[in-house]
Each structure stands twice: as C-alpha cells, then as structure tokens.
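Here's a quick walk through this structure, starting with the ligand and its surroundings.

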Amino acid sequence: MAQKVILDVDTGGDDAVAILLAGHHPATELAAVTVTHGNAPLVVTLDNTLKCVEHGGLRDVPVYAGAERPFIADPAPLDPVQNRSLPLPAPTLRPQPGHAVDFLIDYYMGPDGPGTILVPTAPQTNIALALLKEPRLAQRIPRIVTMAGAYLEGNVTPSAEFNIFADPEAARIVFNSGIPITMVGLEVTAQALVTLDDATKLKALNTVQAKVAAEEIRAEVQWFMDTLGWTGGQIYDACAVAAVIDPGLLETKPVRVEIELTGQHTRGRTVADLSGYQKKQPNVDVGVKIDRARFMRVLFEGMGRGE
Ligand code: BDR
Ligand code: CA
C-alpha cells in the first residue's frame with residue numbers, strides 16, 4: 001500500500017519537483033500540500049504550488065495556505081532562482097478554505113494522522129504553529145522527513161541552511177517536539193547532484209509531470225553551474241521525498257541536534273553532536289549518505305509514470 005504523505009512547501013523549483021515526485025510515484029500517496037513563506041513571499045509560493053499541482057497532473061491534491069512570515073526572524077534573503085513565478089499558466093485552482101495549520105491539526109488528530117509521514121521542505125513555521133496550538137500532534141505525527149539543516153556547512157550563511165535560518169524559533173519547536181525526525185540536510189543533497197543531461201532525459205519521458213519537473217531542474221542546475229561552477233545541481237527537496245519512497249537510499253545516524261538561535265554568525269545552525277560526546281538523547285536521524293543511483297531511479301520512476 002502506498003505511504004501517505006503531506007508536504008509542507010515553499011515552492012520554489014525544487015519544491016515543485018518534490019510535489020510531483022510524491023504525487024506521481026506509486027510508493028506514495030500525496031494526501032495534501034500545505035504552503036508557507038520561504039523561497040518567496042507566501043503569495044508567490046502559494047501561486048507556484050497551485051500551478052504545479054494543476055499543470056503537473058495533480059488537480060485532486062488539496063492545497064492549503066499557511067504562514068506568511070516567520071515567528072520573529074527577519075525575512076531571509078531571497079535568491080532569484082527560487083524567488084520567482086514558475087513559468088506555467090496562471091492557476092484556475094484555488095486553495096482550500098481554512099488555514100494550513102488548522103488543516104494539519106484536523107488531519108493528524110483524525111484517523112489517517114498516525115499513518116501519514118509529514119515532509120517539510122520549507123521553513124517550519126506551519127509545523128511549529130500546529131504543535132503549539134495542538135500539542136497532542138507530537139504523539140500523532142509518526143515521523144517527519146525534512147529537507148533542512150546541515151551538520152558541516154550552511155548555504156544561506158556558512159553556518160545555516162536556508163529552511164532553518166528562515167525560522168529558527170519554529171525549527172527549535174519542531175526538533176524538540178519528540179516526533180521522530182529524519183533530517184535530509186545539505187551534506188546529503190550535495191551527494192545527489194543532477195545534471196543538465198539528466199534534465200533532458202527526464203523531459204524525454206514526456207509525461208506532464210516530467211515536462212514541468214525537467215524545466216525546474218534545468219533552471220536549478222544552471223544556477224549551480226553559473227554561480228558555483230559545479231557540474232550539477234542540488235534538487236534539495238526531492239531528496240527528502242525520495243527518502244520516504246525508498247528509505248534504504250539514505251544512511252542515517254541518530255544524533256542530538258540543537259537549533260542555534262543566538263549566535264551572531266551561527267544563528268539557524270543545526271548543531272549536531274555527531275560523535276555523541278555529549279551523551280545526550282538523540283532527537284534526529286541525521287542523513288549522512290545518499291545513494292545517488294537509487295535517488296535517480298526513484299526520480300525517473302515518479303516522473304515516468306503515466307496517468
Ligand atoms: C532549501 O531552501 C530552499 O531554497 C529550497 O527549496 C530548499 O528547501 C535548501 O536550503
Ligand atoms: Ca523548499
């Protein structure tokens with residue numbers, strides 16, 4: 001039976017690929033998508049999400065609008081490859097009535113909650129707000145598999161990865177909630193680089209989702225090539241979905257992870273006691289290695305699946 005998932009996103013090109021993968025891969029059933037601020041203001045991330053489900057063959061997946069801003073953080077710096085409108089026709093779909101936070105609470109307190117993995121690929125504001133409003137969610141969400149964090153080096157600062165940096169107070173609530181967490185951080189996503197050649201091959205699959213995803217992958221890869229001189233690009237959020245579809249592709253280590261809130265240069269860091277010297281109870285299964293070949297196989301399976 002397919003694994004039910006809910007994605008919490010800030011679409012964003014790589015979030016779009018993650019949505020399409022979760023929505024089309026036979027191993028997952030995408031129950032809903034909740035949207036937050038992050039890569040762009042909420043009005044843009046919501047519009048992009050609606051475009052993605054409408055033009056990516058997922059019209060029946062409900063979309064909920066969530067938080068417009070972080071708890072107390074200043075809005076994070078936005079980069080042009082993410083802070084943009086996806087090149088698709090304007091959506092005719094509308095978000096569901098009600099706030100994403102209330103949807104998450106109702107859903108996880110309902111019968112399908114304990115069987116549905118939550119996949120945040122964005123700042124964790126919606127999840128933290130839901131946990132504050134309904135603390136029993138901590139016993140109802142069976143696992144969070146999140147694209148977030150970095151135990152070596154960040155991207156938005158040398159210390160911090162974007163999704164954590166954009167709302168560290170929210171991330172701290174989520175990481176301390178007691179919910180089992182799998183962290184798919186930058187060290188992992190950097191091991192699953194996708195190339196322009198891969199994007200061309202994906203496009204050739206010729207499904208609706210492959211055409212949308214290939215364009216977003218191409219734009220992200222080009223950014224990595226132009227900006228960092230890399231030979232491929234990180235499709236960050238798709239790695240978290242792939243780790244739900246095929247958990248064996250990700251090697252993890254149980255680690256105590258604290259979210260840094262106060263450091264002048266380190267705010268938003270996921271401080272990971274990788275060696276275990278601190279002898280504290282681990283709270284996160286930190287991804288340390290991803291099998292790129294298996295990741296690509298999962299990506300092609302999802303993108304190649306017809307209606
Ligand atoms: C994360 O930040 C966002 O820009 C991407 O969508 C991804 O979720 C990578 O740091
Ligand atoms: Ca994202």
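Let's start with the shell around ligand 1: helix H1 (13-24), helix H6 (162-165) and H11 each supply at least two of its residues. Keep in mind that this is a predicted model. The residues surrounding ligand 1 are Asp14, Asp15, Asn39, Gln82, Thr121, Met147, Asn155, Glu161, Phe162, Asn163, Tyr236 and Asp237. As for where the ligand is, ligand 1 sits in the largest pocket.

| Side chain | Distance from its N or O atom to an oxygen atom of ligand 1 |
|---|---|
| Asn39 | 2.5 Å |
| Asp237 | 2.6 Å |
| Asn163 | 2.9 Å |

On its own, ligand 1 has 280 Å² of accessible area, and the protein covers 97% of that.

Now for the aromatics. Searching the whole structure turns up six aromatic pairs. In one of them, Trp223 and Phe224 have ring centres 5.0 Å apart and planes at 90 degrees, so this pair counts as edge-to-face. Trp223 is partly exposed, at 27% relative accessible area, while Phe224 is buried, at 2% relative accessibility.

Phe224 also pairs with Tyr236: the ring centres are 6.1 Å apart and the planes sit at 55 degrees, so that pair is tilted. Phe224 belongs to helix H10 (residues 208-228) and Tyr236 to helix H11 (residues 236-245), so the pair ties together parts 12 residues apart in sequence. Both Phe224 and Tyr236 are buried. Elsewhere, Tyr64, Phe103, Tyr107 and Tyr108 make up one aromatic cluster.

Finally, the backbone. Thr11 and Gly12 are joined by a cis peptide bond, with omega at about -15 degrees. Gly12 is in the loop between strand S1 (3-9) and H1, and H1 is one of the helices that supply residues to the ligand shell.

Which residues other than glycine have a positive phi? Asn206 is one of them, with phi near 65 degrees. Asn206 lies in the loop between helix H9 (196-203) and H10, and it counts as exposed at 54% relative accessibility. Lys279 is another, with phi near 55 degrees. Lys279 is found in the loop between strand S9 (270-272) and strand S10 (284-290), and at 73% relative accessibility Lys279 is exposed too.

Methods
Residues are numbered from 1 along each chain as its sequence is written. Chains are lettered from A and ligands numbered from 1 in the order in which they are written. This is a predicted model: local features need pLDDT of at least 70, side-chain atom pairs count only at pLDDT 80 or more; totals for chains, interfaces and linings use all residues. Side-chain values use heavy atoms; hydrogens and water are left out. Rings of Phe, Tyr and Trp (its six-membered ring) pair if their centres lie within 6.5 Å; planes under 30 degrees apart count as stacked, over 60 as edge-to-face and the rest as tilted. Buried means under 20% relative accessible area, exposed over 50%, partly exposed in between (1.4 Å probe, protein chains only). Helices (H or I, at least four residues) and strands (E, at least two) are DSSP runs, numbered from the N terminus. A residue is near a molecule or strand if one of its heavy atoms lies within 4 Å of it. A polar contact is a pair of N or O atoms within 3.5 Å; within protein, one must be able to donate a hydrogen and the other to accept it, and residues adjacent in sequence count only if both atoms are side-chain atoms. Accessible areas come from the Shrake-Rupley method with a 1.4 Å probe; for residues, only the protein chains shown count as cover. On a 1 Å grid over the protein atoms alone, a cavity is a set of points where a 1.4 Å probe fits but cannot get out, and a pocket is an open set with protein on both sides within 12 Å along at least five of seven lines; lining residues have an atom within 4 Å of a point. A molecule sits in a cavity or pocket if more than half of its atoms lie within 2 Å of its grid points.
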